[in-house]
Amino acid sequence: MIRKVVVGVSGGVDSAVSAHLLSERGFKVLGVFMRNWDEADEVGRCSGEADLKDAEWACRQLGVELRQVNYVREYWTAVFSQFLDDYQLGLTPNPDILCNRHIKFDLFHKHALENLGYDAVATGHYARNSLGNYLEGIASNNDARLLIPADTFKDQTFFLAGIPRKALQRTMFPLGDFQKSQVKDLAKKIGLQRLAKKKESTGICFVGKRNFKDFIQEYITSKHGPFLDIDSGAVVGHHEGIHQWTVGQRCRLSSFLQPYFVARKEAASNTIYVASGHNHPALLSTHIDVDPPNWLCSKSQKILSDTGSLRCRFRFQHTKPLVDCQLSISPSNTFLVELDAPLRAITPGQYAVFYDDTACLGSARILSANPIKKKNAQTQQAQAANLVS
């Protein structure tokens, strides 16, 4: 029976309201603030100290004890170092997915259950657990599944798709049935107006309010290289480092009839191949090679293993519409995603996240995306334009 719950309190309205809802239900609640980034070398650029003060204030208002845990070293090793390595290899990583996998739902989760001796962990994520948002069905011995929340606009299952499946068995999502507007209204009613009015943080914490190119130059040495037209092979400009650019990004190159966009990066030669026009065929893909998936659904994993193929849905950006796809295992034991409709700027280093109609099934890191064939380009460009619109 679950009586004691640790809540990851971030200083935002979502985690604070989650702590309130748990207290209301009679759980013994402990708030824990995670310090993941060392601000000693930053000039007030990351909001960690302000967030801690907000977390302390909220817990005082709620009558909840707050403790801190420091994962700065582990975050640097598991998230930030990987982030830098990927950028130097021409990839575009997702630190939020890495942080959830390695820090919040591994180290922090184990600390709450094993070291602190609590029964479960709760977070302010907009997601649902098939065992119940408060693990009401934990006695059933069924596998927990990560379900799409009521607020599909705020759906954060994308960022949870890489977590260890075992962690779901002891994770609560108190906001799973709430709309964001309801959470803010409730916060005001219980005296947390300060958090209800707080501007939500977006983007990468350790970048803060800085321009990303300025930030990344502090850690990776710039190395000049060419922009090559992917059709003609002509040099159409020069860049200051492949780590400053990502697939699909517009290149500010002058004196051309159509704007150029990054189509592909080649780390070995420090070359960026660019395509003329927003929906150039080189920017559109239907075939994607991925790493072995991290499965959150044992049934889907078994179907793929038994038959070599799985029909599901795909996205690689959390705000984009889902696209039907076929995930298959090749004879050489590699994994291929075939999309029913092309998507633009699928980016190596990002994550393919898989869904059915109600749940997030898991995720896999994108290795490469193969551009569509030119003979099919006109039809598929139209499909891509319709999807974007």
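# Briefing on a three-domain predicted model

Leu 336 in β17 is the bridge partner of Asp 289. This pair belongs to a predicted model, in which the protein chain is divided into domain 1 (4-207), domain 2 (223-278) and domain 3 (284-371). The protein chain averages a pLDDT of 91, and 92% of the residues score at least 70.

**Strand β13 and its partners**

- With strand β17 (residues 335-344), β13 pairs in the antiparallel sense over 6 bridges.
- β13 also pairs with strand β19 (residues 359-371), again in the antiparallel sense, over 5 bridges.

**The parallel sheet**

- Five strands form an open sheet in the order β3-β2-β1-β4-β7, and their pairing is parallel.
- The edges of this sheet are β3 (65-70) and β7 (171-172), each of which pairs on one side only.
- Strand β1 (residues 4-8) is joined to strand β2 (residues 28-35) by 5 bridges in the parallel sense.
- Val 5 stands opposite Val 29 in β2.

**Helix α1**

- Of the 12 residues of α1, 10 are buried, so the helix is largely enclosed by the rest of the structure.
- The buried residues include Val 13, Asp 14, Ser 15, His 20 and Leu 22.
- The end C-alpha atoms of α1 are 16 Å apart, which agrees with the 16 Å that its 12 residues should span at 1.5 Å a residue.
- Ser 18 is found in this helix, which runs over residues 13-24.
- A residue counts as buried when its relative accessible area is under 20%; Ser 18 has 0%, so Ser 18 is buried.
- Not counting residues up to four places away in sequence, Ser 18 touches Thr 123, Gly 124, Pro 174 and Leu 175.
- After α1 comes Gly 26, with a positive phi near 95 degrees.

**Nonpolar cores**

- In soluble globular proteins, nonpolar side chains tend to be buried together.
- The largest nonpolar core here has 78 residues, and Leu 22 and Met 172 have the most contacts inside it.
- Helix α4 (residues 95-115) gives the most to this core, with 7 residues.
- Domain 1 (4-207) and domain 3 (284-371) each supply at least three residues to this core.
- Another core lies apart from it and has 23 residues, including Ile 288, Leu 310, Val 337 and Phe 354.
- Leu 22 is in contact with Val 5, Val 7, Phe 27, Val 29, Ala 122, Tyr 134, Met 172 and Pro 174, leaving aside its neighbours within four places in sequence.

**Domain 1 against domain 3**

- Taken over C-alpha atoms, the centres of domain 1 and domain 3 are separated by 26 Å.
- Contacts between these two domains involve 26 residues of domain 1 and 26 residues of domain 3.

- Over residues 41-45 the pLDDT stays under 50.
- For residues 41-45 the model has 7 contacts beyond four places in sequence.

Methods: Residues numbered from 1 in each chain as written. Predicted model: local features only at pLDDT ≥ 70, side-chain atom pairs only at ≥ 80, totals over all residues. Heavy atoms only, no water. pLDDT = per-residue confidence, 0-100. Contact = heavy atoms within 4.5 Å. Helix = DSSP H or I, 4+ residues; strand = E, 2+ residues; numbered from the N terminus. Buried < 20%, exposed > 50% of the residue type's maximum accessible area, 1.4 Å probe, protein only. Expected span 1.5 Å × (residues − 1). Core = buried A, V, L, I, M, F, W, Y, C linked by side-chain atoms within 4.5 Å. Domains from an automatic or database assignment. Pairing = 2+ DSSP bridges.
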